[in-house]
Amino acid sequence: MLRFFTSIIFIFFFLSKNNSQIVKDSIEIKNKYGIRLGIDISKQIRMLTEEYNGLSLYGDIKIKERLFIVGELGRDTKKIINNNLNSEFSGNYIKAGINYNLYNNLPGLNNEIYIGFRLAISKFESQIFQYNIYNKDQF
């Protein structure tokens, strides 16, 4: 019977000793919340290669660990000049919506693979300066 009690006391002593040696991780990872702003560089590159002028500004706010409120403002102007058409299209737009980040980041990283939903409103106008009617039969 004495052997049974000493075994139980030894087990409790051993377990309490191991529990007291567990140390909490000293590195504290803080989640960053705030506003991010950006610009769509593809529109600036497109301005170098064709008759196009545009600017698109982007911003989002992180409201939860994986949820963002997103907004975008933009202006586009495109000129089309070819054998049949000489015209210009221009306008403004605004988009607002949400993004949900599907990517589970490692601690300290802010990578995103997201799905989202947007509502948009725009006002575009077009001007046709000259056009030719294509007629396959010239007779």
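Colleague: Which residue in β5 is the bridge partner of N101?

Modeller: Y114 is the bridge partner of N101. Keep in mind that this is a predicted model: local features need pLDDT of at least 70, side-chain atom pairs count only at pLDDT 80 or more, and totals for chains, interfaces and linings use all residues. Numbering starts from 1 along each chain as its sequence is written, and side-chain values use heavy atoms, leaving out hydrogens and water.

Colleague: What makes β4 and β5 a pair?

Modeller: Two strands pair if DSSP finds at least two bridges between them. Strand β4 (residues 85-101) and β5 are joined by 17 bridges, so they pair. The two run antiparallel.

Colleague: Why is β5 said to lie largely in the open?

Modeller: Buried means under 20% relative accessible area, with a 1.4 Å probe and protein chains only. Strand β5 (residues 114-131) has 18 residues and the number buried is zero, so it lies largely in the open. For the protein, 14% of its 139 residues count as buried.

Colleague: How many helices and strands does the protein have, and what counts as one?

Modeller: There are two helices and five strands, in the order α-β-α-β-β-β-β from the N terminus on.

How values were computed:
Buried < 20%, exposed > 50% of the residue type's maximum accessible area, 1.4 Å probe, protein only. Helix = DSSP H or I, 4+ residues; strand = E, 2+ residues; numbered from the N terminus.
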